[in-house]
Amino acid sequence: MNYLNENVNELLFNFEERLGKAVAHVKAEFSMVRAGRVSTGLVERINVDYFGEPTPIRNLGNITASDSRTIVINLWDTAILREVCKALTLAQLGANPIDDGRVIRLIFPILTKERREELKKQVKKIAEEGKVAIRNERKNTMDGLKRISKDDNISEDEVETIKKDVEKLTGTYTESLDKLLANKESEILEI
């Protein structure tokens with residue numbers, strides 16, 4: 001999608017970039033939702049006060065999923081075990097941290113049918129928020145296109161072509177959100 005007008009090219013480039021960020025944000029949020037098996041993504045982004053600096057747990061040690069229900073955090077500096085346990089407790093993940101002096105274990109209970117349904121609703125909400133962000137970006141881009149077309153005297157035919165490209169990009173990124181949602185829902189319902 002290269003157009004003769006540099007302002008249009010920049011507008012569309014920025015639009016696609018923001019759509020990509022919206023999808024990436026939804027992916028990151030999905031990683032924080034527990035499905036049938038635990039994922040290290042549940043704890044990686046949780047911040048811990050490390051010498052006065054909020055630091056993600058992933059920067060403080062190795063995080064592994066030892067089985068489908070257990071996450072093991074092996075910290076490089078065992079002096080912060082208490083701080084990490086405190087942060088994990090405050091995150092309300094559904095499992096209490098177990099500290100053996102060297103590593104922290106989070107053992108998650110088996111998901112009930114009701115909890116799976118709650119998680120399904122949660123991921124649908126996250127996906128819908130992503131779609132709203134995409135629609136807002138489309139509206140902002142269309143508004144920007146109106147301004148550019150008036151200022152730069154772009155023909156109506158070219159404006160219509162650009163609008164079709166914006167709608168096509170919107171549809172593509174919305175479809176990718178739908179696929180992400182379908183995958184996450186099937187993951188959640190997996191036993």
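1. Aromatic pairs. The count of aromatic pairs comes to one; rings of Phe, Tyr and Trp (its six-membered ring) pair if their centres lie within 6.5 Å, and planes under 30 degrees apart count as stacked, over 60 as edge-to-face and the rest as tilted. Tyr50 and Phe51 form this edge-to-face pair, with 4.7 Å from centre to centre and 65° between the planes. The model is a predicted one, in which local features need pLDDT of at least 70 and side-chain atom pairs count only at pLDDT 80 or more, while totals for chains, interfaces and linings use all residues. Residues are numbered from 1 along each chain as its sequence is written, and side-chain values use heavy atoms, with hydrogens and water left out.

2. Phe51 is found in the loop between β1 (47–50) and β2 (53–56); strands (E, at least two residues) and helices (H or I, at least four) are DSSP runs, numbered from the N terminus. Phe51 has a positive phi of about 55° although it is not a glycine. Is Phe51 buried or exposed? Phe51 counts as exposed because its relative accessibility is 69%, whereas Tyr50, at 25%, counts as partly exposed. Buried means under 20% relative accessible area, exposed over 50%, and partly exposed in between (1.4 Å probe, protein chains only).

3. Helices α1 and α4. The axes of α1 and α4 come within 10 Å and cross at roughly 175°, which makes α1 roughly antiparallel to α4. Axes are lines fitted to C-alpha atoms, for helices over the stretch in contact, and angles run from 0 to 180 degrees between N-to-C directions. Angles under 35 degrees count as roughly parallel, over 145 as roughly antiparallel, 65 to 115 as roughly perpendicular and the rest as oblique. By class, the contact of α1 with α4 has 15 nonpolar, four polar and five charged residues. Here Ala, Val, Leu, Ile, Met, Phe, Trp, Tyr, Cys and Pro count as nonpolar, Asp, Glu, Lys and Arg as charged, and the others, Gly among them, as polar.

4. Helix α5 against the other two. The axes of α1 and α5 come within 11 Å and cross at roughly 10°, so α1 is roughly parallel to α5. The contact of α1 with α5 has 14 nonpolar, three polar and three charged residues. For α4 and α5, the packing angle is about 170° and the axes are 10 Å apart, so α4 is roughly antiparallel to α5. In the contact of α4 with α5 there are 14 nonpolar, five polar and eleven charged residues.

5. Nonpolar cores. Which residues have the most contacts inside the largest nonpolar core? They are Phe30 and Ile134, in a core of 30 residues. α1 (6–31), α4 and α5 (156–189) each supply at least two residues of this core. A second, separate core of 21 residues includes Val38, Leu75, Leu88 and Leu106. A nonpolar core is a set of buried Ala, Val, Leu, Ile, Met, Phe, Trp, Tyr and Cys residues joined through side-chain atoms within 4.5 Å.

6. Thr141. Thr141 lies in helix α4 (residues 113–152) and counts as buried because its relative accessibility is 1%. Leaving aside neighbours within four places in sequence, Thr141 is in contact (heavy atoms within 4.5 Å) with Leu11, Phe15, Arg18 and Val166.
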